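Please look over the sequence and the three-dimensional structure shown here before reading on. The paragraphs that follow lead from the chain as a whole to one of its sheets.

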Amino acid sequence: MTLSLRSFMRHEAVLGILLVLVLFVLAQQSDKFFTTANILNQGRLMTEIGLIALPMTFVIITGGIDLSVGSILGLCAILLGVFWQNLGLPLPAAMALAVCVGALAGLVNGLIITRFKVPPLIATLATLALYRGLAEGISQARSVRGYPEWFFVLGQGEVLGVPTQLWILIVFAIGAAAILGLTTFGRATYAVGANETAARFSGINVDRTKLLIYTASGLVSGIAAVIFVSRVSTTRSDMGTGVELDVITAVVLGGTSIFGGRGTIIGTVVGLILVQALKNGLALSGVKGDGTIVVIGVVLIFAILASNLFSRNGDG
Amino acid sequence: MTATPATSSETPPPLVELRNTSKTFGGIKVLKNVGFDVRPGEVHALLGENGAGKSTLIKILSGFHTPDEGGEIRVNGRPVSFSSPRDARKAGIATVYQELLLFPDMTVAENIFIGHAPRAGMGALDWNEMRRRARALLDDLDSHDLDVDARVGGLSVANRQRVEIAKALSQDARLLIMDEPTASLADADVRRLLDVVRRLRERGVAIIYISHRMPEIFALADRVTVLRDGSLIGTKDIEEVDDASLVSMMVGRSIDQLFPKVVVPIGAPVLELRKVSFKDEVQDISLTLRAGEILGIAGLVGSGRTELALTIFGITPATSGEILLNGRPVTIRSPQQARDLGIAYVPEDRGLQGLVKPQTIRENVSMALLDRISKGSIVDRVKESALARDAIARFGIRARGPEQRAGQLSGGNQQKVVLAKWVSTNPRVLIMDEPTRGIDVGAKSEIHALMCKLAGEGLAVIMISSELPEVLGMSDRIMVMNGGRMVRTFDRSEATPDVVGAAMTHAGASHAGGAA
Amino acid sequence: MSVETATVRRSASTGFAARTFATYGQEFIILACIVVLFVAVGLIAPRFISPTNLTTIFVGNAYIAVAAIGMSMVIISGHIDVSVGSLIGVLATISGTLAVSGYPVWFAWLAPVIVGMVVTSFIGVLVAYVRIPSIVVTLGMLSILKGGLISVTGGAWITNLPPDYLIAQFRLFGIPSPVWFMIALTALAAMFMRYTAFGRSIYAIGGNGEAARVAGIPVERTTVTIFAIHGLFAGIAAVLFATQLQVIQSTVPPNLELTVITASVVGGVSILGGTGTVVGSTLAAILFAAIGSSLIFLNVSAYWLRAVQGLLILATVLADMARRHRIG
């Protein structure tokens, strides 16, 4: 692990320098940037992407990818509304059911990938269209509103002065980091990504590992959907469109190799914060919303470029 | 072919010559002032342990590496410099690599002519001409059965190698470099390959032949060059040397006993198979394996040897029959179950199936028993490191420490890591598939000694090998397989190369007849 | 061993027809699907195969087929471009802006093609020489192009396009020009892929990069060229897209990159590189356009359109995997 750790440190160093640089420049641009209120609010805004980025880190470490997370988010959001309003279920039950549907959608991805040996990119490309299509079909372009007040605690409330969902993100991130770094399951994840055949020949249950990871990806997307709905007080079928790209950007920016076998949760979290700081700081400095996307694209390319150059020097 | 015919009476001038060639990687000199030449129409064997500098030397000849200042390559007496493999090819030097460089999704014909396909009008590729010329080349190599339209990905190793050789010949190669061409071939295919090499030699093609197998070298080579630790030890005519002198040149010491077989008391039956089958690849295999016993499985590639191992290990679970462990019937549907029952499998393809190369020795060694060194699924790093350090000491793995990446080790040490991984699980049955393929003489005998030691500790061992001397030297009993069936078993005392070889090939002939 | 002997023997006697089917198996299957679809839906709703509807289907989707040609080459060489949708959006906007700003029409057609090639060549350089995985580069490029486009134009509509600029509305022998473009470019690209050394080297790089290098193929240069060609097709696709209506919205067509990639992959291009043909990707683009249109004629609610499309993509992919496993 030292070597992969060393290359991770190298990437983390690049990211760290970038982050400090970005924070410094942005703080110069606007005095609102370094206020507690702003920072906490940013935490609120990045929770959904942050949550989904955690299982996505696992997915990418196994050498896979999950493009369907944004569609799962949309589908779960719609179903939450439908279960509650149209089927008249109690809201907590509707929430649980929506999350279950997310897990089911992830499980379907996993089954297509493990049972039919469809490459993950293709499998989740197909389910991206399918799940979004289901969301559109079920919602018929109707949105659901009028959720009870207590429901907004999740997305708009605070616990001990910190946004509720940020606590959830922190707990999940610590959990994910522990699973990936300390447990046999984490080991299996790395082994599957670095050499799937050797992992299978070592008695690691490769299919079960992948199945669990894709299911978790769907499940967490479902949780993110509930938080999303609670944050914006409404459901629409186009919710979460394009989220997959933001999530993958954060994960890859965080040093997880798109070829699998390498990556950490800490890296993902740093990548996530960098992306959010950029978005927010630029917005505060007067850059329009879409201009910030440009910067994120540039940062993604340059961060990978820089760490590539560094690691090449290191390898001699 | 434009090669000049060989003259046997006088020494022809060298076709290709390396003078005073060195190569340094990151400050380490891996090739030290080596002089080497090869003449038209000769087979020049190149020998040395892994890491001796053979690969570096042929990579310089084939244009992958440029030699350090002061060295010189001459072709037909004229100094040349290669800046890419393409330059070397233009000079008539072609290489058939150990890991075959082919395109699995392309046809045989296209693979042969990739990069220099025949053209029709307006520079368009002429597919019919390509197929016709590919056919002619393969016929030349006596490979009439190989279809030029077949997808290369579906071919056997032996056939792919023929495609590689045809590819080299299609470029009018005057020097053909063959890097361990027989490492993964069965005996019948080896004989066919040797015929091809002889045929090429008759046509005046010069051949550099790298192999770890002595009999081939004595059967083929005109001259032999030995490298050790990057230095030239000597170039000799084949008549001047014998087995023992070559080995001592290679290792710098004499190995008096190649197979250190220790006879140990054989215990109770551990593994029993009763009419075990997997589809038509493994058919009705019954055998009994006892504690302390080494059972050798011989057979041609594709005879069902590896398939049998994969069935016992649960990769391809048995479709019928019964498996008993310590007298109790068991079902094995997955490698996990096999492992938990105490069956270990050191696989055939080390790089693909055995090791996770980017991971450390520690992570590789603990991979099969993570559950046992973890508390509530949290891996105990202290125990894990201790395990890895133990393995390094016990198996004599030459490494910087448990945190070195497995991919950086030499072939022999990688094999020891895989072996350590499985022995750490305390198995009752150890299956070793081609345990010493592609590793050098020194590491080979270390692996053999370890195998005997493990058997002595009461482990039941199944060893699959393509090398007949290894099977004969190491096994207590030998089982010969063909066409997925067990055709004969021999006791150690009655097994001679002749009878075992005959059992392998005789059955092969009748099988081929049956298929036709 | 016996299995292989059998294969060799069987294929030793393969004739031209069998060889063709082996190469174009996936293409024949898609063609059959298209025929079945047109016949079946045509019987239920005859207006589906009316010239008006066929024109709508082809004119509205030919640009996807054209973009999928370049995408197929990129995927065959073992890479991917997820930014192609944004690129087409940017190029279409450039083209339209030039057309309404009084530049000559030929310039408004040519400029996006050149800009497209410059952008994708840049991607190619990052992929080939700097060795950043193509999915990462194009993910970043997607953000840059999409964000850049919207922040510059604000998603405004470009109107008052000069009539002689609208090349996608031209007709030759009564058939709309996008159809000609689609057919001609597909045929050209197919011949290019099959009968030129460069075309074969695309397959070689995707099939086994190391072996391609040893065979003397300049892998880096070829990769950049493949991306440049992809940019060429993206540029042409952008012009066809920009000129099909009287107005252009300067945004990124939603999910266009996924539609293009899906057409390539369903057309038989292996995402792992090394196999596939551009004929397949064009047929797949037609099939998807026809499916979309047929759903309307079969009175399926427009809201369910995407779900049905997704299901069909999934079915095609699964069928393809099953077929491959049988062969392999």
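**Chain B and one of its sheets**

Of the 516 residues in chain B, 52% are buried, a residue being buried if 20 or more other C-beta atoms, placed from the backbone, lie within 10 Å of its own. This is a predicted model, in which local features need pLDDT of at least 70 and side-chain atom pairs count only at pLDDT 80 or more, while totals for chains, interfaces and linings use all residues. Residues are numbered from 1 along each chain as its sequence is written, and chains are lettered from A, with ligands numbered from 1, in the order in which they are written.

The secondary structure of chain B comes to 17 helices and 22 strands, which are DSSP runs numbered from the N terminus (helices are H or I with at least four residues, strands are E with at least two). The radius of gyration of chain B, taken over C-alpha atoms, is 24 Å, close to the 24 Å that the globule rule (2.2 Å times the number of residues to the power 0.38) gives for 516 residues, so chain B is as compact as a globular protein of that length.

Within chain B, four strands form an open sheet in the order 12-11-14-15, with antiparallel pairing, where two strands pair if DSSP finds at least two bridges between them. Strand 12 (282-290) and strand 15 (328-330) of chain B stand at the edges with a single partner strand each, so one side of each has no neighbour in the sheet. Strand 11 (residues 269-278) and strand 14 (residues 320-325) of chain B run antiparallel and are joined by five bridges, and Leu273(B) stands opposite Ile323(B) in strand 14 of chain B.

Terms used: Buried ≥ 20, exposed ≤ 12 C-beta atoms within 10 Å, placed from the backbone.
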